Amino acid sequence: MNQQHQTLQQIDHGEGDEPLSNLSGNESFRNVLDRRLDRRSVLKGSLNAALLGFFASGLLPGVVQAAGSSRGVESGPQLIGFDAVKFYDGDGVMLPPGYRHQVLLPWGEPITGRMPAFDPLRNTGADQAQQMGSHHDGMHFFPIEGKSPYEGSSDDGLLVMNHEYVEPRFMHASAVGQKLSRNGVPLKDGKRSADEVLKELNGHGVAIARIRKQPNGDWQLVQDPRNRRITGLTEMQLSGPVRGSDLVKTRFSPDGTRTRGTLNNCAHGVTPWNTYLASEENWAGYFINTGDQPREHKRYGVASKDTGRYAWERADNGADEYVRFDASNKASSATGDYRNEPNTFGWMVEIDPFNPQSTPVKRTALGRFAHEGVIFHAAVEGQPIVCYSGDDARFEYIYKYVSAQPYHKATAGGHLLDNGTLYVARFNDDGSGEWLPLVFGMGPLTPANGFNSQADVLVNTRLAADTVGATKMDRPEWGAVNPATREVYFTLTNNSRRTPEQVDKANPRASNDWGQIIRWSEAGDQVAGTRFDWDLFLLAGPQDDSNYAGAAMNEDQIFNSPDGLWFDRQSRLWIQTDMSESIVNTGKWAQFGNNQMLACDPVNQVLKRFMVGPIGQEITGMCTTPDQKTLFVNVQHPGATTSPEDFAVGKLASQWPHDGSPYPRSGTLVISREDGRIVGS
């Protein structure tokens, strides 16, 4: 390598950036499903909605019904009223006829402070702290009145969004002309420029931006004191059972009550009291520990190699805020170094978007893992708060939290997320399920099995779930609650690591390249209970009957790797896809085109492709204004398919959004119908 400009190349894992770290012997969901499917045939047919449907008078093609399921549903109003978008692999945005879109708040758009103009090759690390972050992900529109998450103005509000990660080669002048791959970083004499590290840290986190609809229908940023960036350096409080534990004491916070920053925020959540929850997903790879790794590092995939994901620990100024990413044991006291720094990540972070002076809070009672997001059942006066979260990694779990105190609108707040019971799901062969409590002293979670407190259970949530015997899943990602039926849906994106030994004649895939959507109802509609009934709502895949149970979808429906999932207020289900940039438009994945978003009417059994995005991106993040006439969708990491060789000579796979920037930029699509009616109808 060139001694002056070495490069650190990162591996694209293709199914999320987190390495496989669940080596427990718990039974996988696929084993359970295979045995159930082996006992019954899957009906086939020719409906256009080939792979979805409620279970009324029979099975739709490709849909697997739980044993003993007795669900029935009457047909209702037609929710899907647009013409499906066709296959697309170009560098633009495809929408149905009669729809328009605008690109809003792209990476680098200044929103606070001195409003530095976007210039990726000249902006400093401090500039990035005043600009929109990189790689837009989960988001929510908060009407400006600030009274309810779903009521109020549809023309004026705070758009709050996560910024999952960064692509350093698109951020720094020092990267120009180098052979850098996705996540590749420029090194000089084995060190990283401290200002480049600062810029990358400030590219992470959350953005809060006030936006307002203009008379011509376009939306614009509004300068407002509530506009705010929360980054990888923002001070945060730890709350809940882990606060003050020895497991989170660091040099920065010897009493274990604080930490700095939030990283790799993927999906999100909105609390019933109108605050925003940012998730911390693939955070483990940012850290290294080349010493003796405790289980709370090893089970989560903290790297034992020389550098972390972006080599931040190699910043050339040796500053404390960068050194902390090296969690190797260096001192005799855990309070004198950063061996516990990784333990302060992997949480859900609560942010009050309407109070710019508020300190974000990491709610540890919700568990520590690779949070994809969190979804809430509708709050009911006098009853507990109930929410769910998926751990987005191969063979990981689905969790549920039930607050100890009941919800009362007049007094509701973050305290409801500090005291409650965290459960993990077990899916049984017969279509029933159990929520297994992760409570210290209950069942096997005792000192005899290595657990010494509730803080220990929560810092080691994955290990606790292993210990109680939860069901290993295929990368649980976004969830959604149907507002009409209160059923819970979760995407299981894919898992190519499933071996041929796990396949049988009723489920002929040797590996799960395509993914599926699972669904359950809490037993007796008791959402705080510990029993549920489940079925498989949809098996994704191509027009190839040999790859999955049931008949093939048509060309207007095929998709794979379901990721984003959201119900609008009319119970229209929106599905977003995330094929890895390492495989999109290649080989057997080429038939799907670029990543896309579909709309589904579960009652009338309709599925249609609604939009397709540009080259090398992931379609993610979705929400509407209260009147449902404006839909916000994020386009993340366009151009990520650019090869190292092409980048070295300035040839980019995408230039989206084609705004004159030298590099592609993540951005938010503002989508509406030209006739002003509800989107999707």
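This is a predicted model: local features need pLDDT of at least 70, side-chain atom pairs count only at pLDDT 80 or more; totals for chains, interfaces and linings use all residues.

Residues are numbered from 1 along each chain as its sequence is written, and side-chain values use heavy atoms, with hydrogens and water left out.

Strands here (E, at least two residues) and helices (H or I, at least four) are DSSP runs, numbered from the N terminus, and two strands pair if DSSP finds at least two bridges between them. Strands of a sheet pair through backbone hydrogen bonds, either parallel or antiparallel. Now zoom out: S22 and S23 are part of an open, antiparallel sheet of nine strands, in the order S15-S16-S18-S19-S20-S25-S24-S23-S22. S15 and S22 stand at the edges with a single partner strand each, so one side of each has no neighbour in the sheet.

Strand S9 (residues 235–239) pairs with strand S10 (residues 258–260) in the antiparallel sense over three bridges, and here Glu235 stands opposite Arg260. S9 is also joined by three bridges to strand S14 (residues 361–363), this time running parallel, with Gln237 opposite Val361.

Of its 681 residues, 64% are buried, where buried means under 20% relative accessible area, exposed over 50%, and partly exposed in between (1.4 Å probe, protein chains only). Among contacts (heavy atoms within 4.5 Å) with a separation of 6 or more, 67% are between residues 24 or more positions apart. The accessible surface comes to about 22,400 Å², with 48% of it belonging to carbon and sulfur atoms; such areas come from the Shrake-Rupley method with a 1.4 Å probe, and for residues only the protein chains shown count as cover.

Helix H3 (residues 194–203) is worth a look. Nine of its ten residues are buried, so H3 is largely enclosed by the rest of the structure. The cover over its buried residues includes helix H2 (125–128), strand S4 (156–163), strand S6 (205–213) and helix H5 (320–323). After H3 comes Gly205, with a positive phi near 105°.

Met579, in the loop between strand S27 (573–577) and strand S28 (596–601), is buried, with a relative accessible area of 1%. Leaving aside residues up to four places away in sequence, Met579 touches Asn560, Ser561, Val584, Trp589, Phe592, Gly593, Asn594 and Asn595. His408 sits in the loop between strand S18 (398–406) and strand S19 (420–427) and is partly exposed, at 35% relative accessible area. The C-alpha atoms of His408 and Trp273 are 9.8 Å apart, although 135 residues separate them along the chain.

On a 1 Å grid over the protein atoms alone, a cavity is a set of points where a 1.4 Å probe fits but cannot get out, while a pocket is an open set with protein on both sides within 12 Å along at least five of seven lines; lining residues have an atom within 4 Å of a point. The largest pocket has a volume of about 1,200 Å³, a volume being the space filled by probe spheres set on the points, which are joined across faces, edges and corners. Its lining has 48 residues, with Pro149, Tyr150, Val270, Phe376 and Ala378 nearest the centre. S22, where we began, gives the most to this lining, with five residues.

There are also five cavities of 30 Å³ or more. The second largest cavity has a volume of about 70 Å³, and its lining includes Trp107, His135, Glu167 and Arg665.
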